[in-house]
Amino acid sequence: MLSAQINAMNMLNLTNAIASKDLRMLTSVYRELDRVDVNAFGLLTILVRNFRNILTVQLTANPTPESTGIDGKQLYAIKRIPRVYSPDQLVKIYQMLLDIDRQVKTGELSTDILIDYIIIKILCA
């Protein structure tokens, strides 16, 4: 049970570090990845959802749970994420994540390198 909680925290910390472009946190969590089991496809799924939500919130003039379809608590958390990506970058990252998802599902991209690939692609967007 403790192992699952540690993995969930690392996944949360990793996705938050990527979304906020927090290189210090990203480096810290990345160093721990060898010691914990972080599911690469789970990471991809979470990032697709997170970047879709960030894109929705940041491109909506006055985002509300009703106008975005995002839970109030999630909306509050997303509004607090630093705006480190431009709207164009957010669209590019979201499209890139969808393409990576397709590549993994069709076998074009191995999950062995998926975590590194995702991090590099997003930070270079």
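Which residues does Asn53 touch, not counting residues up to four places away in sequence? I looked this up and found Ile70 and Ile78, taking contact as heavy atoms within 4.5 Å. I also noted that Asn53 lies in helix 3 and is buried, with a relative accessible area of 9% (buried means under 20%, exposed over 50% and partly exposed in between, with a 1.4 Å probe and protein chains only).

I kept in mind that this is a predicted model, in which local features need pLDDT of at least 70, side-chain atom pairs count only at pLDDT 80 or more, and totals for chains, interfaces and linings use all residues. Residues are numbered from 1 along each chain as its sequence is written, and side-chain values use heavy atoms, with hydrogens and water left out.

I then checked pLDDT, the predictor's confidence in each residue from 0 to 100, and found a chain average of 89, with 93% of the residues at 70 or above.

I counted seven helices and zero strands in the chain, both being DSSP runs numbered from the N terminus (helices H or I, at least four residues; strands E, at least two).

Last, I looked at helix 3 (residues 40–58) and helix 7 (residues 114–123), whose axes come within 9 Å and cross at roughly 25 degrees, with axes fitted to C-alpha atoms over the stretch in contact and angles running from 0 to 180 degrees between N-to-C directions. Residues making this contact include Phe41 and Phe51 of helix 3 and Ile118 of helix 7.
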